[in-house]
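Please look over the sequence and the model below. The text that follows goes through open and closed spaces, the core, the helices, the charged pairs and a loop.

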Amino acid sequence: MKSFEQEYLTIVNEQFKHFKERAEKGIQQLSEDELHWKPSEDSNNIAIILQHLSGNMHSRWVDFLTADGEKSYRDRDLEFVDNNESKEHLMQIWEEGWKLLFNTIENLKAEDLNRTVTLRQQPLSVLQAIQTEVAHISYHLGQILYIGKQIKDKDWTILSIPKEGSKEFNKKVSAKKL
């Protein structure tokens, strides 16, 4: 039987995979131009959110257990400037960031959850640092999907249970249990 800590690491890894897959299913529905659309000058677009999440992961998950999570090479403010990067480039840095995150999570040991790491010179438990990232990524995932839905409107493929679809969804879930 897995320890609580091992179970947590498995669950959080699966949750991160779910976030990544969900975001990518949304991003696949959008053109390069649509990734750069924003409702107002001061708003973020999906390209900016991808840059930001990538920058965050490149900073947080490199030398996670031994170095501050806010690396000196990171220029967080630049992550919020849309330089009209190609969809291909955005997806490349996105993928690289996720590889860092998954490599780190998959190599953590149960006892590592009680260790202390630093973020902006503030001590955090590894557990707290992971939970902070879960919240951060899920927040921005919601933004990506919301913006995508605004752009595509009725042409957006719903990635969860569609409106008026709860009963049908529950029937499918119940049928799988039989």
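The largest pocket holds about 280 Å³ of space. A pocket here is an open set of points on a 1 Å grid over the protein atoms alone, with protein on both sides within 12 Å along at least five of seven lines, and its lining residues have an atom within 4 Å of a point. Grid points are joined across faces, edges and corners, and the volume is the space filled by probe spheres set on the points. Lining this pocket are 15 residues, of which Gln51, Gly55, Leu78, Glu79 and Ile93 are the closest to its centre. Helix H3 (46-60), helix H4 (76-79) and helix H5 (87-107) each supply at least two lining residues, and H3 gives the most, with 4. Helices (H or I, at least four residues) and strands (E, at least two) are DSSP runs, numbered from the N terminus. By class, the pocket lining has 4 nonpolar, 6 polar and 5 charged residues. In this scheme Ala, Val, Leu, Ile, Met, Phe, Trp, Tyr, Cys and Pro count as nonpolar, Asp, Glu, Lys and Arg as charged, and the others, Gly among them, as polar.

The model is a predicted one, in which local features need pLDDT of at least 70 and side-chain atom pairs count only at pLDDT 80 or more, while totals for chains, interfaces and linings use all residues. Residues are numbered from 1 along each chain as its sequence is written, and side-chain values use heavy atoms, with hydrogens and water left out.

What does a search of the whole structure find in the way of cavities of 30 Å³ or more? There is 1. A cavity is a set of grid points where a 1.4 Å probe fits but cannot get out. The largest cavity has about 110 Å³ of space. Among the residues that line this cavity are Arg60, Trp61, Phe64, Val117, Leu119 and Glu133. Strand S1 (116-119) and H6 each supply at least two residues of the cavity lining, which by class has 7 nonpolar, 3 polar and 2 charged residues.

The chain as a whole has 7 helices and 2 strands, in the order α-α-α-α-α-β-β-α-α from the N terminus on. Its C-alpha trace spans about 50 × 45 × 25 Å along the principal axes. Of the 178 residues, 39% count as buried; buried means under 20% relative accessible area, exposed over 50%, and partly exposed in between (1.4 Å probe, protein chains only).

The largest nonpolar core has 39 residues, and Phe16, Trp98, Leu101, Ile105, Ile130, Ile137 and Ile144 have the most contacts inside it. Such a core is a set of buried Ala, Val, Leu, Ile, Met, Phe, Trp, Tyr and Cys residues joined through side-chain atoms within 4.5 Å. Two or more core residues come from each of helix H1 (4-27), H3, H5, S1 and H6, and H6 gives the most, with 9 residues.

Helix H6 (residues 126-152) has 27 residues, which at 1.5 Å a residue should span 39 Å, and this agrees with its end C-alpha atoms, 39 Å apart. The expected span is 1.5 Å times one less than the number of residues. Just after H6, Asp153 takes a positive phi of about 50°.

Side chains of opposite charge can pair when their charged atoms come close. A salt bridge is counted when a side-chain nitrogen of Lys or Arg is within 4 Å of a carboxyl oxygen of Asp or Glu, and the count comes to 9. Glu34 and Lys152 form one of these (3.3 Å, N to O). This pair links distant parts of the chain, with Glu34 in helix H2 (residues 32-35) and Lys152 in helix H6, 118 residues apart. Glu34 is buried, at 18% relative accessible area, whereas Lys152 is partly exposed at 22%.

Arg74 and Glu79 also meet in a salt bridge (2.7 Å, N to O), and both residues are buried. The side chains of Asp112 and Arg115 form another (3.5 Å, N to O). Asp112 is buried, with a relative accessible area of 8%, and Arg115 is partly exposed, at 36%. Salt bridges that share partners join Arg60, Glu70, Arg74, Glu79 and Arg120 into one network.

Arg120 lies in the loop between S1 and strand S2 (122-125). Its phi is near 55°, a positive value in a residue other than glycine, and at 43% relative accessibility Arg120 counts as partly exposed. Gln121, in the loop between S1 and S2, has a positive phi of about 70° although it is not a glycine. Gln121 counts as exposed, at 70% relative accessibility.
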